[in-house]
Amino acid sequence: MPRLYSVEHVWLDASTPDAATVGITAHAQEALGDVVFTDLPAPGTTLAAGQVAGVIESVKAAADLFAPASGEVLAINPAVQADPSLLNTDPLGAGWLFTVRLTAPAQLDALMDEAAYQAFCQ
C-alpha cells in the first residue's frame, strides 16, 4: 500500500497494518521551520483518528501532531527524539515519528493518496 496523507499534513505508511509508520510531510516541516523538540505518544497509547498524538516544536511555533488513523502505538523513533532536526532533513524517511497497530483499517479510506495530497497543498 502506498503512503497516505491526512489534511493535517501527516503521512501514514500502512504497508504493514500491524506496524504502520507515521510521520509529518515535507510541507509540514517547511511550514514549521527548524524543528527543535518532539513530544510523541508513549508505546502502548491508544489513539483515535484525529486525536492529538503529540507536539512538534520548532524555532517558530509549536504544532499539534494528529493521529491519521486509530490504533495502538508500538514504538517511537529514538533517532528523532535524539535529533529532532531529522524531521527537517528527512521527513519521509529517517524522520518517521512512530509506528502504530491499526485498529480500524477502514479509516484509511478517508486519507489522501500522493496526487490528492499534492493538489490539496496547492
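Ring pairs tie Tyr-5, Tyr-117 and Phe-120 together into a cluster. Keep in mind that this is a predicted model, and that residues are numbered from 1 along the chain as its sequence is written.

**The aromatic cluster**

How many aromatic pairs are there? The count comes to two. Take Tyr-5 and Tyr-117: their ring centres are 4.6 Å apart and the planes sit at 15°, so this pair is stacked. That angle falls in the stacked class because stacked planes are under 30 degrees apart. The pair also bridges distant parts of the chain, with Tyr-5 in strand 1 (residues 4-5) and Tyr-117 in helix 4 (residues 114-121), 112 residues apart. Are these two tyrosines buried or exposed? Both Tyr-5 and Tyr-117 are buried.

Tyr-117 also pairs with Phe-120, and here the rings are tilted, at 6.4 Å centre to centre with 35° between the planes. Those two residues are three apart in helix 4, so about one helical turn separates them.

**A charge over a ring**

The charged end of Arg-3 sits over the ring of Trp-11, 4.2 Å from the ring centre.

Ser-6 is placed in the loop between strand 1 and strand 2 (10-13). Ser-6 and Gly-50 are 44 residues apart in sequence, yet their C-alpha atoms are 9.2 Å apart in space.

His-9 is in that loop between strand 1 and strand 2 as well. His-9 has a phi near 65°, a positive value in a residue other than glycine. For context, most residues other than glycine have a negative phi. With a relative accessibility of 18%, His-9 counts as buried.

**Ser-70 and its surroundings**

Where is Ser-70? Ser-70 lies in the loop between strand 7 (62-66) and strand 8 (71-76). The side chain of Ser-70 reaches the backbone nitrogen of Ala-49 at 2.9 Å. Beyond its neighbours within four places in sequence, Ser-70 is in contact with Leu-47, Ala-48, Ala-49, Arg-101, Leu-102, Thr-103, Ala-104 and Gln-107. Ser-70 counts as buried, at 11% relative accessibility.

| Residue | Relative accessibility | Class |
|---|---|---|
| His-9 | 18% | buried |
| Ser-70 | 11% | buried |

**The cavity**

A search of the whole structure turns up one cavity of 30 Å³ or more. The largest cavity holds about 30 Å³ of space. What lines the largest cavity? Its lining is made of Leu-12, Val-22, Leu-47, Ala-67, Pro-68, Ala-69, Phe-98 and Val-100.

Terms used
Predicted model: local features only at pLDDT ≥ 70, side-chain atom pairs only at ≥ 80, totals over all residues. Heavy atoms only, no water. Phe/Tyr/Trp six-rings, centres within 6.5 Å; stacked < 30°, edge-to-face > 60°. Helix = DSSP H or I, 4+ residues; strand = E, 2+ residues; numbered from the N terminus. Buried < 20%, exposed > 50% of the residue type's maximum accessible area, 1.4 Å probe, protein only. Lys NZ or Arg CZ within 6 Å of the ring centre and 35° of its normal. Polar contact = N/O pair within 3.5 Å; in protein donor to acceptor, adjacent residues only side chain to side chain. Contact = heavy atoms within 4.5 Å. 1 Å grid on protein atoms, 1.4 Å probe; cavity = no way out; pocket = protein on both sides within 12 Å on 5 of 7 lines; lining within 4 Å. Points joined across faces, edges and corners; volume = space filled by probe spheres on them.
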